[in-house]
Structure formats: structure tokens, C-alpha cells
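Student: I have a model open and would like to learn how to read its features. Please take me through them one by one.

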Amino acid sequence: MTSELRPQEARTGLSEPVDPTDRAKPASPRSRVLTDAASGLTIEVAPHHCFACGALNEQGIHLDLHVDGDRCWTELTVADRFQGWDGIAHGGIICTILDEVMAWSLAATDNWGLTARLNVDFKRPVRLGVPIRGEGWITTVRRRIVETAARIVDPESGDVLATATATYVAADAARKAELQARYRFRLTPGTVGPIRDVSPA
């Protein structure tokens, strides 16, 4: 099960004076914490600006991602601001969702994959305001090359709305260390416990 931590809504310290303008100030986003249900693995990532999953991007999709072994899934309804044709989600948004669940399917293997190739087949229109489910999984790993597949389905009917395949190139050791430091990416095997705030100071 995955949770994205929400901003803290309460002040600490009961005797602290209350600033009347404080309620209007946005709270600092906290880290995204994902838990791999299969292994108990906890995955932490500091707040960032990714259009698909970043808490700091006000115009983003804000996907709530779930990791399960070498799979990732998300459920959402596409907002009106992501419209293409009237009442239909823009194809670029559908590609983004598919790319994101495939990219995050690498997370539990401690891989950082950059998208090298993405192929999408649109089967049916994705309607705005209707719940959908995106699912991505690893199909093949060859050294630093990771092949994946994904689909978007209507969770009520089971109809497949779009499918995709992608190739990711895993970062080398130096780039991986750089990314881990930048995003405060941390894997904690088998210790699903209190969630820690790893927000930037």
C-alpha cells in the first residue's frame, strides 16, 4: 500500500501564539513514502517538481503511486484541465501516466531508469472525471536495459483503454548516487514503521 503524506495541518506546541494569517500559508510538502506490499520495503523520496508525481508542481497530475514487487499502479480521475477533445483526456497525459507507472516499477529494484523509448496504443477514449487505473510492470532486464509494459483500464468494466511498452536505461553508479542525493531516495528493506519526514530544510 502506498501513501503520499499530506502537509501538516496542526502547529506544534500548544502554548505557541497563533498567527491569524497562518491558515492561509501553504504547508511545506513532505516526502512521498511508498511501501512494497510484497517485501515490506519502504521507498522514500523527497518533495520534487515532477509533472506526474511531484508534490511541488502545482500544475501537475499528483499521481498516488503504489509499488508491489516489480509492478506499480495508480488510480485517478483525469481533471478537466488535462482535456484534449471535448470531454476526453489529452493523449499526452495518458502517455505520461503510462510512462510513470512503468518508470516506478523499477523502484523496488533500486534502479533509476531514464525513458529511452515509449510506444503507446490508444484503444478507447479516456473520459474526464471517470476513474481509471494505470498499471506498469517490468518484462525484461538486460544489464542496464529494462523493458516494461503498461496499461490503463476502466476499473469498473475492466475495459483496456490504452497500452504501452517502454525501454529504460538504468543510471550508472555515479549518476545514481547523484540522483539519490538530489531526491533523498532511500530504500529501507522490511521495516515498514513510523514514516519519517525527509523534506528539504
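Predicted model: local features only at pLDDT ≥ 70, side-chain atom pairs only at ≥ 80, totals over all residues.

Student: How many helices and strands does the protein chain have?

Tutor: Helices (H or I, at least four residues) and strands (E, at least two) are DSSP runs, numbered from the N terminus. In the protein chain there are two helices and ten strands. Along the sequence their order is β-β-β-β-β-α-β-β-β-β-α-β.

Student: What share of the residues is buried?

Tutor: Buried means under 20% relative accessible area, exposed over 50%, and partly exposed in between, with a 1.4 Å probe and protein chains only. By that rule, 38% of the 201 residues of the protein chain are buried. Accessible areas come from the Shrake-Rupley method with a 1.4 Å probe, and for residues only the protein chains shown count as cover. The chain exposes about 11,300 Å², and carbon and sulfur atoms supply 53% of that area.

Student: Which residues of the largest nonpolar core touch the most other members?

Tutor: A nonpolar core is a set of buried Ala, Val, Leu, Ile, Met, Phe, Trp, Tyr and Cys residues joined through side-chain atoms within 4.5 Å. The largest one here has 38 residues, and V78, I97, L98, W104, I132 and I152 touch the most other members. At least two residues each come from β3 (41–45), β4 (65–68), β5 (71–77), α1 (91–104), β7 (131–142), β8 (145–153) and β9 (160–170). Helix α1 supplies the largest share of this core, seven residues. As for I152, its partners beyond four places in sequence include I94, I97, L98 and I132.

Student: How is a pocket found, and which residues lie nearest the centre of the largest one?

Tutor: Rolling a probe the size of a water molecule over the atoms shows where empty space is left. On a 1 Å grid over the protein atoms alone, a cavity is a set of points where a 1.4 Å probe fits but cannot get out, and a pocket is an open set with protein on both sides within 12 Å along at least five of seven lines; lining residues have an atom within 4 Å of a point. Grid points are joined across faces, edges and corners, and a volume is the space filled by probe spheres set on the points. The largest pocket has a volume of about 470 Å³. Its lining has 19 residues, with E100, A103, W104, W112 and G113 nearest the centre.

Student: Which elements supply the lining, and how does it divide by residue class?

Tutor: At least two lining residues each come from α1, β6 (113–122) and α2 (173–183), and α1 gives the most, with four. Ala, Val, Leu, Ile, Met, Phe, Trp, Tyr, Cys and Pro count as nonpolar, Asp, Glu, Lys and Arg as charged, and the others, Gly among them, as polar. The lining then divides into twelve nonpolar, four polar and three charged residues.

Student: Where is G113, and what does G113 touch?

Tutor: G113 lies in strand β6 and is partly exposed, at 23% relative accessibility. Beyond four places in sequence, G113 touches L106, Y168, V169 and A170.

Student: Is S105 buried or exposed?

Tutor: S105 counts as buried because its relative accessibility is 0%. S105 sits in the loop between α1 and β6, and its contacts beyond four places in sequence include C72, W137 and T148. T148, in strand β8, is also buried, at 3% relative accessibility.

Student: Where is R143, and what is its phi?

Tutor: R143 is in the loop between β7 and β8. Its phi is positive, about 55 degrees, although R143 is not a glycine. R143 is exposed, with a relative accessible area of 84%.

Notes: Residues numbered from 1 in each chain as written. Heavy atoms only, no water. Contact = heavy atoms within 4.5 Å.
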